[in-house]
Amino acid sequence: MMEAFAFYALAALIVGFGVMVIAARNPVHSVVFLVLNFLGIAVMYVVLGAEFLAVIQVLVYAGGIVVLYLFVVMLVTLKRAPEAHQDPHRKTGLGVGLAAAVLAEVIAILVYTSSAAPVLTTAVSAAALKTPALTGNTEQVGWALYTDYLIPFEVASMLLLAAMIGAILFARRAD
Amino acid sequence: MHFVPITPYHYLVLAAALFTLGVIGVMVRRNIIILFMSIELMLNAVNLNFVAFSRLHQHVVGQVFALFVIAVAAAEAAVGLGILLAFYRNKETLNVDDVNLLRG
């Protein structure tokens, strides 16, 4: 009952702010709606029992990536809005129609293949991991991250380093 | 008021709707910054799926994978916005239809 209420309210917020992101004329408004969308998804993670991921979502997405977008939006000052120039070869209606068809297909697959929908239980149990009894969500994620997924974790750190160097090289003023 | 219990399919349909919003944004908008934001929407839809399945299977690996997706999204945003700034410096526009040269 409580989860159903939270789900429908959050889903309405998430989809509504998502529509606002792609519909807003001003890019700054888009960025603000993107923050609200990410915060809604973070609350959804809490509902799903992934508290650590919710915090990471707020810190990295809403706090880091979106600020990066905001910097770039502020940095570029456009004399002419990109939407002002119309390309006659663009078929916008066809794009929206195809995307709606994909959504209808995915939902149809879900509806027609789910004869008996499994019911969600409360929290991720520590019994699923071959570990000592871990109680918190953060402990479980940390245990999985530093034992079974240690090598992907290190590779992700290398990826972030390479991305940082690449971003500096690209954004540097060529002289 | 009576609610049906929330199943994983509810979360999957929500994620599919969010992903479709991202696809529409990529196809309809011409501002490259909005295109990048639409890609972030799609990545978040994928993360929502991972967490829903993590809950369904009572296993934490879905959340670990969602963390990796967030790391890749951060890398993508940094490099993509760097390319965007270089492009803006060359062409003085953000229209994606004008991105048609391989050299500056």
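Across the interface of chain B and chain A, 10 residue pairs are in polar contact, with both partners at pLDDT 80 or more. The model is a predicted one. The interface involves 73 residues of chain B and 87 residues of chain A, and the two chains bury about 7,700 Å² between them.

- Of the area buried between chain B and chain A, 73% lies on carbon and sulfur atoms.
- B:R30, B:R55 and B:Q58 supply 10% of the area that chain B buries against chain A, more than any other three residues.
- One salt bridge is found across this interface.
- A:E3 and B:R55 form a salt bridge in which the closest N and O atoms are 3.6 Å apart.

**The side of chain B that touches chain A**

- Helices α1 (8-28), α2 (32-56) and α3 (61-91) of chain B each supply at least two residues to this side.
- The most comes from α3(B), with 23 residues.
- By class, this side of chain B has 51 nonpolar, 15 polar and seven charged residues.

**The two domains of chain A**

- Chain A is divided into domain 1 (1-78) and domain 2 (105-175).
- Five residues from domain 1 and four residues from domain 2 take part in the contact between these domains.
- Domain 1 and domain 2 of chain A bury about 400 Å² between them, with 61% of it on carbon and sulfur atoms.
- A:L48, A:G49 and A:F52 supply 73% of the area that domain 1 buries against domain 2, more than any other three residues.
- Between the domains there are zero salt bridges and three residue pairs in polar contact.
- The side of domain 1 that touches domain 2 has two nonpolar, one polar and two charged residues.

How values were computed:
Residues are numbered from 1 along each chain as its sequence is written. Chains are lettered from A and ligands numbered from 1 in the order in which they are written. This is a predicted model: local features need pLDDT of at least 70, side-chain atom pairs count only at pLDDT 80 or more; totals for chains, interfaces and linings use all residues. Side-chain values use heavy atoms; hydrogens and water are left out. Contact means heavy atoms within 4.5 Å. Buried area is the accessible area (1.4 Å probe) that two parts lose on being put together, summed over both. A salt bridge is a side-chain nitrogen of Lys or Arg within 4 Å of a carboxyl oxygen of Asp or Glu. A polar contact is a pair of N or O atoms within 3.5 Å; within protein, one must be able to donate a hydrogen and the other to accept it, and residues adjacent in sequence count only if both atoms are side-chain atoms. Helices (H or I, at least four residues) and strands (E, at least two) are DSSP runs, numbered from the N terminus. Ala, Val, Leu, Ile, Met, Phe, Trp, Tyr, Cys and Pro count as nonpolar, Asp, Glu, Lys and Arg as charged, and the others, Gly among them, as polar. Domain bounds come from an automatic or database domain assignment.
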